[in-house]
Number of protein chains: 2
Amino acid sequence: MLSEFDLISRYFTRAPRSNIDHIALGVGDDCALLMPAAGTQLAISTDMLVEGRHFFPDAEPFALGHKCLAVNLSDLAAMGARPLAFTLALALPEAREEWLKPFSTGLLALADLHQCELIGGDTTKGPLNICITVFGETLPGQALRRDAAQPGDDIWISGTLGDARLALAAYRNELVLDAASHAQAASRMHQPTPRVALGMALRGIAHAAIDISDGLVGDLGHILKRSGVGATLAVDSLPAGTVLSRQPQAIRRRFTLAGGDDYELCFTAASANRAAVQAAAQSATIGVTRIGTIDAKSGLRLHDANDAALDLQLTSFDHFRST
Amino acid sequence: MLSEFDLISRYFTRAPRSNIDHIALGVGDDCALLMPAAGTQLAISTDMLVEGRHFFPDAEPFALGHKCLAVNLSDLAAMGARPLAFTLALALPEAREEWLKPFSTGLLALADLHQCELIGGDTTKGPLNICITVFGETLPGQALRRDAAQPGDDIWISGTLGDARLALAAYRNELVLDAASHAQAASRMHQPTPRVALGMALRGIAHAAIDISDGLVGDLGHILKRSGVGATLAVDSLPAGTVLSRQPQAIRRRFTLAGGDDYELCFTAASANRAAVQAAAQSATIGVTRIGTIDAKSGLRLHDANDAALDLQLTSFDHFRST
């Protein structure tokens with residue numbers, strides 16, 4: 001069996017890339033040394049993924065490697081930060097090459113795509129647990145914070161919502177999908193795309209932003225709470241995922257509003273910035289949809305296509321409450 | 001039962017302290033924002049602690065909170081970095097106040113002692129797993145790196161070695177200690193003291209440094225390998241812990257050389273700097289002992305009190321190899 005140190009060096013240590021001048025020291029010492037550019041702020045986020053909670057016990061390791069970093073990059077995107085580097089802490093029941101090789105390949109492929117360097121980590125024996133801490137760069141005053149929404153702001157969402165939750169529903173036999181539809185929806189669940197370029201393009205244009213990990217209602221709720229505002233959502237204008245859009249209205253509404261794991265960006269911007277938002281989205285090659293408005297009055301109001309109030313019972317995904 | 005978000009706000013969110021000017025944004029957004037002082041490097045380390053591997057299933061939560069941060073601060077100490085902040089990712093089987101309250105109290109008490117702010121985190125349901133990523137500050141060229149040992153350097157160790165391993169041996173019934181001795185040794189195992197002040201005081205004085213988490217032979221081995229040097233250790237001059245020093249020579253040798261969990265600093269410095277090392281240790285109010293020399297010749301040589309070669313079979317602690 002491979003030793004802890006063999007594992008690290010074989011799969012997670014690579015020659016430093018020559019174009020990375022902010023990393024003074026990478027994997028292999030007591031600490032990594034990061035040298036942020038003068039005057040920049042470091043955006044830092046950490047996510048822990050647990051087997052049976054965030055992914056299935058038989059999760060395909062390449063996709064899992066991708067997803068673990070993707071959810072962290074998504075937090076950087078939600079701040080408008082540029083990815084710099086990350087650390088990986090990994091608990092494994094056993095050190096199997098058949099798992100480590102594809103896992104590290106999926107992880108590092110996404111890291112390379114975003115020029116985000118693995119600079120340190122820890123490995124240990126234990127129930128499968130993957131904890132990544134990611135570092136990004138932003139300028140003072142430019143970060144897209146949750147507390148910055150203003151009454152009158154448009155509310156926007158990137159891409160589409162609900163296909164990840166739809167795939168989960170099919171895995172749980174809550175509904176039936178044909179094989180092709182299930183595979184298509186499942187790819188949104190297993191290999192989410194962090195909207196990094198969009199987040200960066202929205203700096204100076206958007207006010208508040210958050211990424212959709214627990215469901216739109218719950219995540220938008222964090223913006224509302226921290227900004228001290230309310231909102232009205234046009235429920236039937238929410239952009240459903242390709243597969244979800246073929247489902248009945250009740251499921252479309254439920255999974256666009258309260259489906260987790262989409263990793264799209266929900267953000268607010270002054271209505272005067274509509275053209276600028278569209279230009280930012282175009283530069284990031286992702287669609288965006290206007291889905292509602294920020295109100296001075298607290299609370300979240302859901303309206304249907306006829307602008308009539310809807311009374312839907314929805315709860316956000318909560319790891320300690322839901323199953 | 002408390003929800004995930006209730007947990008975070010109740011136990012881990014505190015009002016930001018007024019004297020922390022490098023933290024632009026703490027807990028509660030997608031990312032924290034850290035603003036390192038101009039020209040400084042950020043030292044980053046991550047450690048994952050798993051129940052049954054790094055601590056007993058019934059570990060006392062106050063001490064456990066202390067230890068989880070202590071092992072990370074020890075990594076900063078080994079680089080000579082000043083603690084700034086940390087993130088905490090926590091997987092818990094259930095959200096119990098009786099556990100969370102003392103755990104967070106122990107954790108935050110040590111954090112306050114080192115002015116190290118909790119700036120972000122993640123909580124989820126899962127087998128108990130505690131992952132901390134810590135951030136410290138150092139200046140370019142001042143970090144105490146593993147690759148900086150020079151032939152002719154003295155090798156030093158702070159404090160004493162082996163009591164943590166002795167306590168573990170008693171828990172495992174490998175040997176018998178009286179209750180008072182066991183309690184005394186166990187305090188070294190459960191509540192290690194990171195040598196932060198010493199690490200900072202050694203900047204510009206020591207060459208290489210590492211903290212002793214897996215045992216002296218294994219950890220010093222990392223310095224030797226990365227520096228491309230060898231070493232000779234005076235085995236019987238290794239400072240044994242208070243309880244270990246009353247044990248037979250064979251056990252003293254074994255646990256000082258290969259006992260883990262001590263979190264002392266092993267460092268090398270030019271022999272011309274002996275007085276400076278002693279002054280640094282005095283300023284940090286911790287004893288240091290000279291235990292050997294760095295050689296140009298590779299390999300580790302163990303000598304007894306008569307300077308005769310010892311041939312001891314020792315292996316470093318390795319989470320995937322040992323039990």
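Visitor: So exposed means over 50% relative accessible area, buried means under 20%, and partly exposed is in between, using a 1.4 Å probe and protein chains only. Which of these words counts for A:Glu98?

Guide: A:Glu98 counts as exposed, because its relative accessibility is 55%. Please keep in mind that this is a predicted model, in which local features need pLDDT of at least 70 and side-chain atom pairs count only at pLDDT 80 or more, while totals for chains, interfaces and linings use all residues, and side-chain values use heavy atoms, with hydrogens and water left out. Residues are numbered from 1 along each chain as its sequence is written, and chains are lettered from A and ligands numbered from 1 in the order in which they are written.

Visitor: What is the mean pLDDT of chain A?

Guide: The mean for chain A is 89, with 91% of its residues at 70 or more, where pLDDT is the predictor's confidence in each residue, from 0 to 100.

Visitor: And where in chain A is confidence lowest, and where highest?

Guide: Confidence is lowest in helix 1 (residues 4–12) of chain A, with a mean of 66, and highest in strand 7 (residues 154–158) of chain A, at 98; helices (H or I, at least four residues) and strands (E, at least two) are DSSP runs numbered from the N terminus. Over residues 317–323 of chain A the pLDDT is below 50, and this stretch has 27 contacts in the model beyond near neighbours in sequence, a contact being heavy atoms within 4.5 Å.

Visitor: Back to A:Glu98, please. With which residue does A:Arg96 form a salt bridge?

Guide: A:Arg96 pairs with A:Glu98, and their closest N and O atoms are 3.3 Å apart; a salt bridge is a side-chain nitrogen of Lys or Arg within 4 Å of a carboxyl oxygen of Asp or Glu. A:Arg96 is partly exposed, because its relative accessible area is 34%. In chain B, the side chains of B:Arg96 and B:Glu98 meet in a salt bridge at 3.3 Å, N to O. There B:Arg96 counts as partly exposed at 33% relative accessibility, and B:Glu98 counts as exposed at 54%. In chain A, salt bridges that share partners join A:Glu94, A:Arg96 and A:Glu98 into one network.

Visitor: Now something else: why does B:Asp47 count as buried?

Guide: B:Asp47 counts as buried because its relative accessibility is 16%. This residue lies in strand 3 (residues 41–50) of chain B. B:Asp47 has no salt bridge, since-it's-buried reasoning aside, and the nearest side chain of opposite charge, B:Arg146, is 8.7 Å away. For charges, Lys and Arg count as positive and Asp and Glu as negative, with His and the chain ends not counted.

Visitor: Which residues does B:Asp47 touch?

Guide: Leaving out residues up to four places away in sequence, B:Asp47 touches A:Asp122 in chain A, and in chain B it touches B:Val71, B:Asn72, B:Asp75, B:Ile130, B:Cys131 and B:Ile132. B:Val71 is 24 residues from B:Asp47 in sequence, and the two are 7.5 Å apart in space, C-alpha to C-alpha.

Visitor: Is B:Thr285 buried or exposed?

Guide: B:Thr285 is exposed, because its relative accessible area is 71%. Its place is in the loop between helix 9 (274–283) and strand 11 (288–295) of chain B.

Visitor: Which residues of helix 8 of chain B are buried?

Guide: In helix 8 (residues 249–258) of chain B, the buried residues include B:Arg253, B:Phe255, B:Thr256, B:Leu257 and B:Ala258. Among the elements that cover the buried residues of this helix are helix 4 (163–171), helix 7 (216–227) and strand 9 (230–234) of chain B.

Visitor: Last topic, backbone angles: what is phi of B:Asn173 near?

Guide: Phi of B:Asn173 is near 60 degrees, a positive value in a residue other than glycine. Most residues other than glycine have a negative phi. B:Asn173 sits in the loop between helix 4 and helix 5 (179–190) of chain B, and B:Asn173 is exposed, with a relative accessible area of 68%. In chain A, phi of A:Asp261 is near 70 degrees, also a positive value in a residue other than glycine, and A:Asp261 is in the loop between helix 8 (249–258) and strand 10 (265–269) of chain A.
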